[in-house]
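Take a moment with the sequence and the model below.

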Amino acid sequence: MQGIPISHFLVLSAILFSLGVIGVTIRRNAIVIFMSIELMLNAVNLSFLAFSNYLNNVEGQIFVFMVMVVAAAEVAVGLAIIVAIFRLRETVHVDDIKLLKW
Amino acid sequence: MPIAIGTTDLISILPIAIVSLFGVYLLLQSVFAPRMNRILIPYLGILGVGLAVVGNFFLIGMEGTAFEGMVRVDRLTVVLNFLFLITAALSLLITISYHEGEHVEFLEFTPLVLFSTAGMMVMGSAESLMTIFLGLETMSIALYVMAGFRRTNRHSLEAALKYFLLGAFATGFLLYGMALTYGMVGSTNLTQIAQYFTQNALDVPLVALMGLALIIIGFGFKVALVPFHMWTPDVYQGSPLPVTAYMAVGAKAAGFAAILRVISLSAFSIAFQWSEILWVLAVLTMTVGNVVALVQDNIKRMLAYSSIAHAGYILVGVVASNDQTVPSVVFYLIVYLFMNLGAFAVATMVAGQNERRVNIQYYRGLGYTQPLLALAMAVFMFSLAGFPPTAGFIGKFYIFSAALQSGYVWLVILGVINSLISVYYYLNVVVAMYMQQPVDEKKIAPVLPGVGVVILVAVLGIVYLGIFPGTMLSVLR
Amino acid sequence: MESFVWYIPILPLTGAIINGLFGRVLKDKAGWIASLSVLGAFGLSIQAFLLVREGITFDGNLFDWIVAGNFHTSFGVLVDELSVIMMLIVTGVGFLIHVYSNGYMHGDPGIARYFAYLNLFIFSMLLLVMGNNLLLLYLGWEGVGLCSYLLIGFWYQKPSAAKAGLKAFITNRVGDFGFAIGIFIIFKAIGTIYYSQIFQQTEELLAAGVLTAATLLLFVGATGKSAQFPLHVWLPDAMEGPTPVSALIHAATMVTAGVYMVARFSPLYSLSEVAMAVVVIIGTFTALFAATMALVNNDIKRVLAYSTISQLGYMFIGVGVGAYAAGIFHLMTHAFFKALLFLGAGSVMHALAEETNIQKMGGLYSRIKITAVTFIVAWLAISGIPPFSGFFSKDEILAKAYAYHPLIWVLGTLGALLTAFYMSRLVFLTFFGKSRVEPEREHHIHESPPVMTVPLIILAVLAAVGGFVGVPEVLGGHNHFGKFLEPVFAQAEANLHLAHVSHTVEYGLMAASVLMGLLGIGLAYLMYIKASISPVTLADRFRKVYRLLSNKYYVDEIYQKLVIDPIVSFSRWLWHAVDEGIVDGIVNLSGRLMLLFGLILRRVQTGYVQNYAALFVLGTLILLAYYLLS
Amino acid sequence: MLQLTLFYIFAVLAVLGGIMVVVHRNPIYSALSLILTLFALAGEYILLMAHFIAIVHIAVYAGAIMVLFLFVIMLLNIRIEERAPGALRYMVYIGVPMAAILFLQLGYLAFKGFQEVYVKNTDVGTVERIGQALFSKYVLPFEITSILLVVAMVGAVYLSKRKLEIVE
């Protein structure tokens with residue numbers, strides 16, 4: 001039995017990554033944008049694990065572990081920023097948040 | 001497999017450990033001594049940085065990797081550690097003066113500076129993509145928070161949000177690149193990556209190239225290369241001035257440290273594969289940065305575009321990819337440290353309470369009301385513009401001559417044109433200070449000791465490196 | 001020589017630092033500190049000169065500046081025959097002008113700043129002429145440009161002054177760009193920037209095929225700094241600065257940096273016929289072109305500015321035809337008489353409460369005698385009347401030009417006629433005839449204080465007798481000046497095969513040029529003193545010519561019509577609502593274009609995170625596509 | 001064959017969830033869709049023999065991160081996103097094609113490079129292997145993450161402290 005080709009996982013990863021990119025570029029809600037970014041990170045994790053299996057190497061697994069820690073930390077800080085901005089401006093829509101430009 | 005950590009391992013991360021532990025200690029400060037004056041905390045932070053500087057001396061002369069190939073200690077590591085530590089100390093000094101009239105809470109701020117410095121040092125001494133990634137994130141997450149440190153100010157929070165969203169977005173690309181590289185090489189160790197590229201130099205697999213490209217993009221975001229620079233002006237403008245200073249110098253240096261480690265050193269053998277791309281990026285970065293800076297009237301935003309342009313100049317040194325790349329880039333980073341921190345220190349003094357006076361019009365007549373401050377600012381501007389005999393000139397000269405040595409004549413020509421353009425907006429500040437009447441009679445507060453020290457160090461550094469760059473250059477080689 | 005030569009540049013630098021830091025305390029004393037520092041430098045220069053005359057030159061390094069692998073630069077000086085002459089001119093004339101400034105700038109609130117800039121200028125200029133490598137030359141080159149810019153805009157309260165400063169600055173950017181690239185090319189080709197090594201390796205430059213390109217690019221820098229066509233436009237406007245500045249920087253020293261540079265690089269220029277021809281052609285054209293513009297201008301300082309441009313053209317003819325010593329000789333005599341003319345003009349303006357229009361002068365001879373007499377000496381010198389200094393230097397250039405190509409001589413002599421004419425017009429309208437001074441200024445007329453007149457007298461003596469150091473052999477002299485400089489130009493002259501003109505021809509040429517000078521003076525005499533040929537009827541008859549001339553050949557207007565106007569209307573149309581103020585504020589075309597780009601590009605920064613992310617992705621796509629498609 | 005079928009089921013679920021995250025106007029549904037995607041991904045991880053990561057993934061992402069998201073969305077009481085106003089409506093026409101091209105580029109690589117290799121049975125994903133690696137070779141990165149987490153903690157606490165009086 002041959003199992004699943006690694007390329008399948010990589011293509012899935014690419015799909016999810018691109019979906020995340022779409023979310024970041026078209027959505028206005030900062031939280032949703034942030035969720036799209038999480039989607040991208042998970043897509044990368046999938047790639048890492050696929051490569052880890054392909055290479056039979058534990059490093060990829062560790063890397064995914066680290067990415068998760070980083071993602072958790074980013075979520076804590078990111079949501080805190082979003083909450084702070086909501087308190088001040090009563091909005092989380094990034095197109096309302098454009099005092100800084102040009 | 002037992003955990004085997006030797007003395008060498010520990011020494012190799014000595015400055016990182018000192019800075020981090022000091023950060024934790026400062027966090028617990030309120031537990032140990034709840035009544036201690038908060039204003040002392042940044043001084044304690046500087047003390048911690050000082051200890052780390054001492055610790056860094058133990059690294060001098062070491063050569064090799066530690067923690068089973070996670071970190072590397074070599075001359076580059078030591079110099080970069082010094083660079084990051086000095087940046088942190090000077091930024092903290094600026095912060096102390098900034099405190100007057102601002103609600104920056106040192107209790108949280110100082111540890112964040114220390115942690116993010118630790119992150120930078122991890123990046124500078126990384127020997128694995130994993131450590132680079134973790135260092136980068138430690139630095140960045142601290143910076144996201146620091147950008148929004150005036151959390152009752154709209155601009156500051158907007159800066160934090162933009163920096164955070166785009167930073168996390170860029171992290172995704174960086175990670176994708178690391179994943180592809182890992183997939184091809186089978187390891188994230190930089191030495192092994194270098195071996196892989198050397199072995200496959202003649203026919204590099206496409207996937208590895210794409211991985212490298214995505215890594216370039218990820219680092220390019222951090223150092224603000226066009227077109228990955230869009231966050232820079234907004235974030236620099238919105239962040240509190242000391243944070244902008246710290247970010248402009250530290251984060252950029254850390255980003256270039258990573259570029260040096262991964263691109264210039266590990267992927268050296270396939271330089272022909274990426275130098276063209278970086279060539280284009282360098283030209284774009286220099287040009288966009290300088291041209292847009294021409295029309296800015298907010299000093300922070302102007303310096304932001306200027307920092308983009310400088311990223312372009314530094315990238316010229318990376319494009320050169322010869323034996324002068326590392327020394328010229330690091331030298332430029334050191335010079336950049338002094339001139340930028342100095343300029344931001346002056347800007348902090350002029351800006352006054354709540355950063356009300358960040359427009360260039362407030363620099364009018366500074367040459368008469370505050371002659372020494374104005375003189376220092378003029379020195380910084382001339383150095384940024386690359387006028388001889390300031391250090392900025394030597395830095396540019398060195399970078400350009402590295403590029404010339406590799407035969408990039410056109411790149412150098414474009415670089416020279418760009419630095420000529422840049423003279424205009426730097427000189428604008430000088431003109432405002434010396435050739436225009438003050439807009440209002442409001443007195444600028446006398447220079448506070450913290451900022452005064454920063455300015456003095458910066459001026460001395462620029463003049464010294466401008467006239468006697470030899471010592472530093474021989475250290476770097 | 002090593003023991004003291006370093007102090008020559010350091011003294012003025014010290015003066016600049018003292019005046020810059022403690023100017024407020026020093027007030028008027030600042031001037032004396034500045035003057036003394038330059039006097040010290042002058043004294044040491046004399047000592048250096050005496051040593052050089054005994055054949056002791058010096059080429060040494062104070063300390064290493066940049067050492068990077070095979071690349072090596074030092075703070076090093078070269079004191080040879082050429083640079084010692086330049087040092088004497090810079091510090092000597094500089095000292096006199098410093099002293100004069102003490103009177104001229106008396107009571108100005110910015111006097112300490114003024115002297116700090118002036119000292120800084122002397123320092124930079126000394127670096128320029130003393131440096132033994134290209135990098136120091138460039139350092140000095142940028143430094144003098146910066147000081148010039150600061151001093152033109154010194155009275156920044158006048159908007160015209162600030163504008164003129166900017167114009168000078170931007171025009172010089174163009175020149176400096178060429179200059180920097182030229183340096184890079186030389187460095188790239190031979191890998192060294194020391195003069196001594198470059199001149200030993202000229203074959204390598206030739207072999208690399210870049211010699212002509214490098215010399216021409218360096219010359220682009222010279223046209224900017226020395227105000228040669230087409231980068232001459234900044235110099236007349238630069239007259240907005242204080243008059244002593246015009247005398248020092250825009251007549252005697254800085255603008256001659258280009259001539260010095262070509263002379264210094266004579267071993268390279270002499271190897272490229274094209275480069276030399278370009279230098280000659282530009283020089284000749286500028287000499288004539290600027291002289292014609294001086295004919296009709298009514299502003300005393302602007303006439304002198306055009307005259308400077310024209311005289312610089314002669315110097316370039318000199319160094320271009322291979323008469324290097326003659327070019328430097330003219331540089332020196334010109335420094336004397338042109339500085340004198342400017343200082344005299346300053347004295348006149350001082351007497352007339354800053355009046356600059358020569359149509360509102362006249363009859364001043366008896367009122368301000370010292371100024372008038374010294375001015376007349378300078379006038380005779382620049383008109384080439386023997387035995388004043390200008391005669392010897394100009395004639396030597398013209399004689400060599402004749403050997404190069406008779407046409408250059410014809411045009412040069414024509415220029416001499418024009419020079420004599422416009423200078424005579426200036427002198428006659430200013431000092432002779434009936435007074436046309438406005439009544440409210442009439443009572444104000446007074447001679448300047450001794451602190452100003454003494455430098456005038458000294459310069460007048462120099463302008464009168466300075467030529468005797470270079471009396472040509474045909475007149476029974478020994479041309480000490482040329483002999484002194486011979487070692488420097490030996491290499492260049494070996495490359496060239498200069499034709500010699502016979503003594504008979506030389507007499508003829510000399511007589512012709514003296515005749516032309518006299519003719520010019522006579523013509524002006526008839527027109528402005530005797531008024532037998534009324535300038536008004538003449539102007540009427542040649543109205544078109546007159547208008548063309550008085551409008552500076554419409555160069556500014558042509559720039560305006562062809563280049564600036566379309567751009568402006570385009571940008572207005574594009575951004576009329578946005579930033580008219582910025583667009584209007586900038587004079588220069590390239591500056592405007594850049595600002596326009598800046599305005600467009602800053603619009604990309606919309607403030608929307610999504611747009612930023614989109615551009616990021618776009619960049620990524622292109623980058624990845626590069627690898628996928630290649 | 002079963003494995004391949006499972007892969008496709010999880011893949012479809014993940015992609016569906018991903019699309020919902022991006023297109024759903026209500027952020028709550030976006031968050032719930034993301035949870036769906038994350039669960040599906042956990043399935044894929046198991047197929048890749050990464051058992052430890054799969055479990056941690058569920059615990060950290062679904063259990064902690066997404067709960068935090070939902071919590072914040074509800075705390076801020078964010079309503080349904082209205083249609084983007086004029087200024088940014090065009091971003092759809094830019095963002096989607098660009099993402100499509102990006103997918104083609106990245107997917108092409110994956111498809112080209114790794115077609116003939118298959119998931120194999122390995123023990124690299126076991127708790128034992130990972131645990132050993134984490135506390136021997138990777139002990140330094142592991143320690144660095146502790147700094148990272150402290151930073152996140154300090155930052156989050158600072159930013160969400162009660163606000164001071166608003167100074168403009």
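Predicted model: local features only at pLDDT ≥ 70, side-chain atom pairs only at ≥ 80, totals over all residues.

Chain D has 7 helices and 0 strands.

What are the dimensions of chain D along its principal axes? The C-alpha trace spans about 60 × 40 × 25 Å. Now compare chain D with a compact globule. A globule of 168 residues would have a radius of gyration near 15 Å. Chain D has 21 Å.

Next, look inside the chain. Of the 168 residues in chain D, 40% are buried. Then consider contacts in chain D with a separation of 6 or more. Residues 24 or more positions apart account for 57% of these.

Chain D also touches chain A. Here 77 residues of chain D are in contact with 65 residues of chain A. Which helices of chain D supply at least two residues each to this side? They are H1 (2–23), H2 (27–47), H3 (51–76), H4 (86–89), H5 (91–113), H6 (127–134) and H7 (139–160). H5(D) gives the most, with 13 residues. Sort the chain D side by class, and you find 59 nonpolar, 13 polar and 5 charged residues.

Now turn to helix packing. Two packed helices are described by the angle between their axes and the distance between the axes.

The first pair joins two chains. Helix H3 (residues 59–89) of chain A packs with helix H7 (residues 154–185) of chain B at an angle of about 165°. Their axes are 10 Å apart. An angle over 145 degrees counts as roughly antiparallel, so H3(A) is roughly antiparallel to H7(B). Their crossing is left-handed. The contact of H3(A) with H7(B) has 15 nonpolar, 2 polar and 4 charged residues.

The second pair lies within chain C. The axes of helix H16 (residues 300–321) and helix H19 (residues 389–404) of chain C come within 9 Å. They cross at roughly 50°, and H16(C) and H19(C) are therefore oblique to each other. H16(C) passes H19(C) in a left-handed crossing.

Which residues meet where H16(C) and H19(C) touch? From H16(C) come Tyr314(C), Ile317(C), Gly318(C) and Val321(C). They meet Lys394(C), Ile397(C), Lys400(C), Ala401(C) and Tyr404(C) in H19(C). By class, the residues of this contact divide into 6 nonpolar, 1 polar and 2 charged.

How values were computed. Residues numbered from 1 in each chain as written. Chains lettered and ligands numbered in written order. Axes fitted to C-alpha atoms, helices over the stretch in contact; angles between N-to-C directions. Helix = DSSP H or I, 4+ residues; strand = E, 2+ residues; numbered from the N terminus. Parallel < 35°, antiparallel > 145°, perpendicular 65-115°, else oblique. Left-handed = near helix turned anticlockwise from the far one by under 90°. Contact = placed C-beta atoms within 7 Å. Nonpolar A, V, L, I, M, F, W, Y, C, P; charged D, E, K, R; others polar. Rg over C-alpha atoms; globule rule 2.2 N^0.38 Å. Buried ≥ 20, exposed ≤ 12 C-beta atoms within 10 Å, placed from the backbone.
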